[in-house]
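Please keep the sequence and the model in view while reading.

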Amino acid sequence: MRQYLLAMYQPVGDPPPPQALEPIMKELADLSDEMKATGAWLYTTALHPTATATVVRDNNGEPLLTDGPYAEGAEHLGGFTAINAPDLDAALTWAARMARITGLPIEVRPIAFTG
C-alpha cells in the first residue's frame, strides 16, 4: 500500500454561503466515512485562509518572516486528505470522487516517506 496526498485547491475569497456549502460538506464527510471503512483514510484537514499564513526564510542565520502565503494566486491549498491506496489509479478514483463533490481541483501526489 502506498500513501497519497489529495490536495484540494480552492479559489481565493469568501467560502460559499452555508446553504451551498452544507450539502458539499455532508458529501465529503460521507466520502471520508467510506474511505475509513475501506482502510484508505489516514488523515483529513482544512486550512485557514491564506491571510493567516506566515512564510519563514533563512536570512544569514536569522529568520526572515513574511505575512501571507508563499505563492500568491487565484487558488490556494484549502485542505488535504492523506490516504492509503494500492496504486495511483485507486488514489485517482478517490480524488475524482472528491472533485465531483466539491467542483474543485484535487492534486494527487505520492507521499515519499513518513517520519
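## Basis and terms

The model is a predicted one, in which local features need pLDDT of at least 70 and side-chain atom pairs count only at pLDDT 80 or more, while totals for chains, interfaces and linings use all residues. Residues are numbered from 1 along each chain as its sequence is written, and side-chain values use heavy atoms, with hydrogens and water left out.

## Strand β5 and its partners

Strand β1 (residues 2–11) runs antiparallel to β5 and is joined to it by 10 bridges; in one of these pairings, Gln-10 has His-76 of β5 as its bridge partner.

Strand β5 (residues 75–85) is largely enclosed by the rest of the structure, because eight of its 11 residues are buried, where buried means under 20% relative accessible area, exposed over 50% and partly exposed in between (1.4 Å probe, protein chains only).

## Thr-81

Thr-81 lies in strand β5 and is buried, with a relative accessible area of 4%. Its side chain makes a polar contact of 3.2 Å with that of Thr-44 (a pair of N or O atoms within 3.5 Å; within protein, one must be able to donate a hydrogen and the other to accept it, and residues adjacent in sequence count only if both atoms are side-chain atoms). Leaving aside neighbours within four places in sequence, Thr-81 is in contact (heavy atoms within 4.5 Å) with residues including Tyr-4, Leu-6, Met-35, Trp-41 and Met-98.

## The largest nonpolar core

A nonpolar core is a set of buried Ala, Val, Leu, Ile, Met, Phe, Trp, Tyr and Cys residues joined through side-chain atoms within 4.5 Å. The largest one has 16 residues, of which Leu-6, Met-35, Ile-83, Trp-94 and Met-98 touch the most other members. Two or more residues each come from β1, α1 (18–38), β5, α2 (88–102) and β6 (106–110), and α2 provides the largest share, five residues.

Beyond its neighbours within four places in sequence, Met-98 is in contact with residues that include Met-8, Leu-28, Leu-31, Thr-81 and Ile-106.

Methods. Helices (H or I, at least four residues) and strands (E, at least two) are DSSP runs, numbered from the N terminus. Two strands pair if DSSP finds at least two bridges between them.
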